[in-house]
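Good morning, colleagues. Please look at the structure on the screen while I guide you through selected parts of it.

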Amino acid sequence: MTSKSLCFKLMREDIKRRVWAVALTVLGLIFTLLVPVALSSSSYMDQAAERLVDQKLLIKNLVNLVGLNGLVIAVLIGLAVVWAVSGFRYLHNSRQVDFYHSIPVKRFQLFLAPFLNGILVPMAIYLVIQLLAVALILRTGIGSHELGNVWWRMFLINMVYYSMLYTTMVIAMMMTGNMIIALLGFGVFCGYGPAVVSLFELYKSTWFITYFETEAQLMAWKRAVNYTSPFANYMFSLADFAYDSLGFWRVAGAAAVTAALAVIAYGLYSIRPSESAGRAMTFRRTQSPIKHLIALPVGVVFGMFFHALRSTLPWAVFGVLCGTVLTCCIMEIIYHFDFRKLFANRIHLGACFCISLLFVLAGMYDWYGYDTWLPDGGSVKSAAVIFDYDDNWVTYGDVDMRTEPGGEVRFGWKYEDQSEYGFDHMFLTDVYSVMELGKRGVEWSRSLRSDSSLEYWGYTERCTVMFRMANGKSVYRQYWIPREEAKPLKTAVYDNREYKKGIYPILEQTGSDTAKVCFQQYGNKTELDLTGEEISRLLAVYQKELEELSMAAREKELPTATIQFRTGKHQDAVVWEQEEGHYRNLEDRCYYPIYPSFIRTLEALEKAGIRLAKLDKDTVSDIRIRYYREADDSMQDDEYETVWEKPWPDDGDGSRTAVYDSEEDIETLLPALVYYDYRNMNDYYDMKAPDNVDVYVTADFDTGSSFNDRGGRSGGFMLNLKKLSPEDAKRFGLAQNTISD
């Protein structure tokens, strides 16, 4: 009892000594929490009475003030530093240390009194002001069911992480003998872990040409950043709280970590020498490890930075030298409070320089063998390959259905990355072509390292490969390969049905999953009236022909229409979208191309009553071409004059439109017409298009090619100059020297 009474007396005396900290806490929380709530409550009562604004928005703003309030969070972080410094600042003054340690009180109680005050006093003040803020909100007439439990959950989270940051600052005070050094130490504790983890990621992405980061690896990086810093952990927890995904065990874990840090703080306090007051570091043995831990990553960062400027070895060495010398010299000055100690420990400086330089050189020259690694073909169980920008029209993911707090059901789309889907669903058992891609990629990575003038983009094909090893391990690599070298290998991979199952989700869909079939041509949609058995039969036919589609066929033909097999969830989402008037673009997702070679699919559609629209001389009445002169300054004036003789006037935006409605012109242009949407579904189609025109087609059915007399560029078609002779191209004012793939 005597011990407890003494502790309470010490806490009371400590509060008297730190009245200014109490006042600062009260003022800080009043002006960031209570005053804003009072102002918003008054505004809510006035505006709600006059029905000037949406009440739901006002209520949300009020709830946020006692919930995720950024100003309150910033104040609490500052108060954690203030209370830790004010409670243990005497440790940095030799006279005060002698006085406190001469008092006939155990060190445990000397530590416990200011430590507990630094947590309990701000907690009590925050709780009172939070309750007052809640009372002001309830006074407006807002019910407790609308306010919910946000206010006390936020109080709990803020105080747990306040305590963690406060205890971290206390440890910084214990390990240092100077106030400024303690603040720097707190910054190191909060930022060192995330900085090193991020540097590791930057190191891999900078030096390893074939490095590829999966979603799982990205999440591992985020977790590492989260759990290597109290500040980062606080910020991540607040983000999770905002999305209502912060679990109880996360907060309980933070409380347990805070308790462990408190034990460490007391342990440091109990062994702290009294004569360490005024020193930079309390424990001399920690100086060298801390200096090395900071100097090494700084040296690596400087080396990478200067290498990025000039891409040469001398500049990389210079960067490492600058980083290590600056860091080691500055830390020696900090340790000794003496500029003359700049090079007090040359051995440590040399060691930091050499180790940092080795890390930079190892990455620069791939001493790890990362980019040259290739598995033995016999050890690869299966593989997956994703080619960049190919078939990017495919929709990945599924319908996301959620119920709002008021009971309203809402639909959206939960996206999935193409690579992640391919890694999960593609199992190429014939890995010969994949291994060849890997070999070409390794050769190209060697070329990139030996010749820094080479570029990744423009004439290379990027592919991402996952090797599933027989031992259960999965290895990921990305390769850049010259297009001409990659083309035959890419063709061999694409023609493999196992590859298509990894990029087209429709191939895993079943008839029982499918609720509706929709057909679309030139933007015109038709819902098919089919029985469940007919849907299953049509789906099976389409899946078979999509699996049989070859690269050679795609190079020669474009889709003639598209088809959509909606799942039950997708159909529910479309119905909700139409009935509720929400626009989520759900109706237009998951369409797949129908090629002219899909004969069985087209026959099945014809039996279902679908009649394909055709662009021919009987259906097309005119073709309009809008020419943009600024896109092609190389075209001669006489070529433009040929176009301008057409009867369409200047469109007012530097362009002119010519109308071709004669039978001869229509028959000449028809074979060259390419519908934009179908071209976007097949980048393999062999064509060249002028980049200075838009094309519009008028037919006896809607072609999806609208024309705006005021100059809007909304042409639905493009022209394939490979289908026109040079003479015809010139006659229609299409420059041969400004064409793009």
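I shall speak about a sheet and its helices, then about the cavities, and finally about one arginine. Please bear in mind throughout that this is a predicted model.

Let me begin with the sheet. In what order do the strands of this open sheet lie? The order is S1-S4-S5, three strands with antiparallel pairing. At the edges we find strand S1, residues 380-387, and strand S5, residues 474-482, each of which pairs on one side only. On average, neighbouring strands of this sheet are turned by 25 degrees against each other, if direction is ignored.

Strand S4 covers residues 460-469, and its antiparallel pairing with S5 extends over nine bridges. Within this part of the structure, Thr 460 stands opposite Pro 482 in S5.

Two helices deserve mention here. Helix H16, residues 418-425, packs on the sheet and touches S1, S4 and S5. The direction of H16 makes about 155 degrees with that of S1. Helix H18, residues 483-494, lies across S1, S4 and S5 and runs at about 130 degrees to S5.

I now turn to the cavities. How many cavities of 30 Å³ or more does the structure hold? There are two of them.

The largest cavity contains about 40 Å³ of space. Its lining includes Asp 390, Asp 391, Trp 393, Arg 554 and Asp 683. By class, this lining has three nonpolar, two polar and four charged residues.

The second largest cavity contains about 30 Å³ of space. Among the residues lining this cavity are Tyr 494, Tyr 504, Leu 546, Leu 549, Pro 593 and Tyr 595. Here the lining divides into seven nonpolar residues, no polar residue and one charged residue.

Finally, I would draw your attention to Arg 537, which is placed in helix H20, residues 532-548.

Thank you for your attention.

How values were computed:
Residues numbered from 1 in each chain as written. Predicted model: local features only at pLDDT ≥ 70, side-chain atom pairs only at ≥ 80, totals over all residues. Heavy atoms only, no water. 1 Å grid on protein atoms, 1.4 Å probe; cavity = no way out; pocket = protein on both sides within 12 Å on 5 of 7 lines; lining within 4 Å. Points joined across faces, edges and corners; volume = space filled by probe spheres on them. Nonpolar A, V, L, I, M, F, W, Y, C, P; charged D, E, K, R; others polar. Pairing = 2+ DSSP bridges. Helix = DSSP H or I, 4+ residues; strand = E, 2+ residues; numbered from the N terminus. Axes fitted to C-alpha atoms, helices over the stretch in contact; angles between N-to-C directions. Contact = heavy atoms within 4.5 Å.
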